[in-house]
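Hi,

Here is the structure I said I would pass on. Have a look, and then read on for what turned up in it.

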Amino acid sequence: MSEEQSGSPPHDPWTQNDAAAAKASSAPSHTEDDADTLRERQRLMQMEMMDRWIGGVLTEQRRSRRWKLFFRFVLVALLLTSVLLSLYSLFGDKPATAVGAQAHLGVVEVDGVIASDAPANAERIIRGLNNAWQAENTQAVVLHINSPGGSPVQSQRVYAEVMRLREAGDKPIIAVIEDIGASGAYYIAAAADKVVASPASLVGSIGVIYSGFGFQQAIDKLGVERRVMTAGENKAFLDPFQPLNENTAAFWQTVLNTTHQQFIADVKAGRGDRLGDDEELFSGLVWSGEQAIDLGLIDRLASIEDVSRECTGSVRWQDYTPALSPLDRLTRRFTQTAAEVLGLSTSPSPLRFAPGP
């Protein structure tokens with residue numbers, strides 16, 4: 001059959017190519033659509049990542065704020081607890097115990113260096129003395145001493161309070177010396193009705209000491225210029241960077257001698273005729289408990305257990321020394337450790353009742 005008979009247009013390769021090109025140009029461009037879709041997806045992914053990052057930052061900030069609030073709360077709680085415990089230690093009485101309900105010794109600790117900023121300070125010891133004195137079932141008040149001495153003023157305050165209570169005559173006051181009861185610690189013990197110690201205890205050291213250093217040659221060698229201005233010619237008379245002249249040394253010796261005479265007079269008033277007449281008694285020497293009997297510094301050799309059995313018929317005592325707060329104990333432990341490491345003294349007084357330099 002011919003092309004005319006079939007009704008189909010005649011085959012023309014030139015016109016057929018033009019038609020195909022026109023058809024192709026009229027079809028949609030998938031390449032541009034794919035690019036737009038990709039860009040949109042990337043934008044959405046970036047937005048999602050940004051949202052996640054912002055969310056993470058906000059979460060971390062909230063977590064950080066919560067931890068800060070938590071630690072602040074803990075700090076405030078610790079401070080409040082410390083304040084409450086400090087107030088309790090200052091004004092609160094010790095709770096009644098099974099020992100306190102029976103006849104017992106009322107013990108007051110004199111432990112460590114005697115100083116205004118130490119646990120063995122006059123205010124704390126005096127408060128403990130009065131607590132023990134006023135307790136109904138205390139048969140005797142015991143000053144439990146283990147101290148090398150310390151501040152003259154703090155020692156004199158406690159001595160005066162012990163003498164006041166002793167004159168009241170209601171209960172005996174007994175000083176029990178453990179390892180050492182020397183200098184300012186013996187000053188306190190001398191006021192008691194009786195003084196006892198162990199054979200190897202160190203007792204005595206009735207003297208006054210001042211110790212310091214001279215650095216004037218050291219700063220000269222280092223090329224350091226010392227600048228001190230005072231109102232009053234003797235205001236800086238103990239400056240360690242200036243030489244100690246004869247007049248200054250003589251004056252300071254009078255201060256030491258005066259304080260020493262106060263010490264001697266109070267020991268004589270406390271011990272009375274029990275004191276021996278050894279010329280070395282007030283020289284600052286320290287003796288064993290066994291030697292101290294012959295010198296009249298103590299009355300006999302005994303322990304706190306012996307004293308308790310004699311006074312109560314049993315070994316029963318209660319500590320009436322006001323408690324230190326946990327924070328105070330921690331602070332003092334750190335201070336004492338640092339002072340021991342550095343070889344420094346924690347006593348603020350330039351004069352000390354202490355054995356030896």
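**Aromatic pairs and clusters**

Trp 252 counts as buried, at 13% relative accessibility (buried is under 20% relative accessible area, exposed over 50%, partly exposed in between, with a 1.4 Å probe and protein chains only). Tyr 210, at 30%, is partly exposed. Before I go on: this is a predicted model, where local features need pLDDT of at least 70 and side-chain atom pairs count only at pLDDT 80 or more, while totals for chains, interfaces and linings use all residues. Residues are numbered from 1 along each chain as its sequence is written, and side-chain values use heavy atoms, with hydrogens and water left out.

The whole structure holds nine aromatic pairs (rings of Phe, Tyr and Trp, the last by its six-membered ring, with centres within 6.5 Å; planes under 30 degrees apart are stacked, over 60 edge-to-face, the rest tilted). One of them is Phe 70 with Phe 71, edge-to-face at 5.5 Å centre to centre and 65° between the planes. Phe 70 is partly exposed at 43%, and Phe 71 is exposed at 53%.

Tyr 210 and Trp 252 are also edge-to-face, at 5.6 Å and 80°. That pair links distant parts of the chain, 42 residues apart: Tyr 210 sits in the loop between strand 5 (202–204) and helix 7 (216–222), Trp 252 in helix 8 (residues 246–271). Helices (H or I, at least four residues) and strands (E, at least two) are DSSP runs numbered from the N terminus. Together with Phe 237 and Phe 251, these two form one aromatic cluster.

Leaving out neighbours within four places in sequence, Leu 129 is in contact (heavy atoms within 4.5 Å) with residues including Val 108, Leu 143 and Glu 161.

Gln 154, in helix 5 (residues 152–168), is buried at 8%. A polar atom of its side chain lies 2.8 Å from the backbone nitrogen of Ala 122.

Tyr 187, in helix 6 (residues 184–189), is buried at 0%. Its C-alpha is 6.9 Å from that of Phe 263, 76 residues away along the chain.

Cheers

Key: A polar contact is a pair of N or O atoms within 3.5 Å; within protein, one must be able to donate a hydrogen and the other to accept it, and residues adjacent in sequence count only if both atoms are side-chain atoms.
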